[in-house]
Amino acid sequence: MGIATVNPATGETCETFSSLTDAELEQKLALAQQAFLEYRQTSFSQRATWLKQTADIVEADAERFGKIVTIEMGKPIKQAIAEVKKCALVCRYYAENAKNFLSPTYTETDASQSFVAYHPLGAILAVMPWNFPFWQVFRFAAPALMAGNVGLLKHASNVPQCAIALEEIFTQGGFPPGAFQTLLVGADKVAQIVADDRVKAATLTGSEPAGASLASIAGKHIKKTVLELGGTDPFIVLESADLEAAVATAVIARLQNNGQSCIAAKRFILLEAIADRFQNTLLEQYRQLKIGDPMDELNDIGPLATPSILTELDQLVQACVSQGADVIIGGQPLSDRPGNYYPPTILANIPPGTPADTEEFFGPVALLFRVRDIDEAITLANSTSLGLGASAWTNNEPERDRLIRDLEAGAVFINGMVKSDPRLPFGGIKRSGYGRELSVEGIREFVNLKTVWIK
Ligand code: NAP
């Protein structure tokens, strides 16, 4: 499949796009390098003005942009509009805080003055996924631009209209030509772009194979990378938890974005004592959900983004079922309609050795596991190769402290769902990636942390 808008709700190809020619790509890389020379000298307050104007634009036109998101990747329209509006938040956050985050930090040494300065690197490549096609890009671009870098976006091939709109938004916000450019290219061009001398660093949000491929090329050329990869986050519920709140949150944490979120709760690890109640209440809530056209505000669940995601998800579900897992609800694609619809599904009594132990279920499938105690809960939670987020529910303080200490994840949320917030760093450990986005840590990933010593 080339670069195209294919409506996941109908299967209709709405528009196709040509990939940049080598000459066009060359022009854009040259423009990025040229733009950086001047852009790096602009003041924080100038960049902040442009970024705040950008925030105003996304907010004012959130409905129009939300519709593009929904048509291209199928998330329910209300969630698409909310995602676009959230982008204004990260713009304003960095517009207000970047200067402070990147002010020199002074240290007393034998020098008369010694400090660390944070200088921009140049053109940064962002390879981005389709699942949050606006938010993922903004959470890269807002800090990168405030730091004085210029951005190059290689977006997923199924969200080209989002990619084009994003460049227009930054241009309308006032950023000079070349400060933020979209490169309409397929994944096959990424290696060449990473290797280009004018590209100084790269970030990728997406799958493990894509991340490994980009990082190996960047490694060969000694370039910094940040990787935000998959997750199979645990959602642990212990005996003292507020069960009603845990179940209500579980529904959102699993099904938001039609279940296609890296930080979705995917494995529900339940203490025996509360497992039946949790499962029955979850089932009741799943039964209330409306599945259908994501443009209809009344629907909770839309289609999966592409036919291959549906096929892969269904294969994982069938593998679990054939090895003995029980289907509590759902469990088969909805074949009574066009589009990539998969119903909210609950699998329980999953025996060891199925893909549920290791694979990321990128769709609306909740995997339920029962454990005897907190030790078993933590062991099971940590038993995968991924370590993005973890949500744990308890009202017992020693248990809480243990979970925070022992869960192998880039983030632990107690009595809440894992979410990204501009004020808190975001990223994973293990095969979920490395580096951080957001907060002060995020903006310092793509800078030259320059040591200065003055006699
Ligand atoms: P994907 O196939 O890896 O695609 C992501 C991006 O990488 C796309 O722009 C894609 O381009 C590009 N790409 C694919 N193969 C590549 C390669 N070999 N070299 C360089 N670039 C390559 O990921 P996906 O399946 O669409 O996205 C879902 C995955 O992303 C899930 O695992 C999810 O958990 C993860 N994710 C992680 C985070 C996080 O913050 N940790 C956030 C969101 C999603 P094309 O579209 O042209 O192939």
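Student: How many salt bridges does the rule count come to here?
Tutor: The count comes to 22 salt bridges, where a salt bridge is a side-chain nitrogen of Lys or Arg within 4 Å of a carboxyl oxygen of Asp or Glu. This is a predicted model, so local features need pLDDT of at least 70 and side-chain atom pairs count only at pLDDT 80 or more, while totals for chains, interfaces and linings use all residues. Residues are numbered from 1 along each chain as its sequence is written, and side-chain values use heavy atoms, with hydrogens and water left out.

Student: Which residue meets arginine 198 in a salt bridge?
Tutor: Glutamate 26 does, at 2.8 Å from N to O. Arginine 198 lies in the loop between helix H7 (190-195) and strand E8 (199-205), and glutamate 26 lies in helix H1 (residues 22-39), so the pair ties together parts that are 172 residues apart in sequence. Helices (H or I, at least four residues) and strands (E, at least two) are DSSP runs, numbered from the N terminus.

Student: Okay, switching to domains. What does the domain assignment give?
Tutor: Domain 1 covers 4-229 + 432-454, and domain 2 covers 234-414. Those bounds come from an automatic or database domain assignment. Taken over C-alpha atoms, the domain centres are 30 Å apart.

Student: And how many residues are in contact?
Tutor: On the domain 1 side 23 residues touch 28 residues of domain 2, with contact meaning heavy atoms within 4.5 Å. About 2000 Å² is buried between the two domains, and carbon and sulfur atoms give 58% of that. Buried area is the accessible area (1.4 Å probe) that two parts lose on being put together, summed over both.

Student: How many salt bridges are there across that interface?
Tutor: Zero, by the rule. Between domain 1 and domain 2 there are nine residue pairs in polar contact, both at pLDDT 80 or more. A polar contact is a pair of N or O atoms within 3.5 Å; within protein, one must be able to donate a hydrogen and the other to accept it, and residues adjacent in sequence count only if both atoms are side-chain atoms.

Student: Which elements give two or more residues to the domain 1 side?
Tutor: Helix H3 (62-73) and helix H4 (77-101). H3 gives the most, with four residues.

Student: Now the sheets. What's the strand order in the six-strand one?
Tutor: That open sheet runs E7-E6-E5-E8-E9-E19, with mixed pairing; two strands pair if DSSP finds at least two bridges between them. Strand E7 (180-182) and strand E19 (433-434) stand at the edges with a single partner strand each, so one side of each is left without a neighbour in the sheet.

Student: What is the bridge partner of glutamate 228 in E19?
Tutor: Glycine 433. Strand E9 (residues 224-228) and E19 run antiparallel, joined by two bridges.
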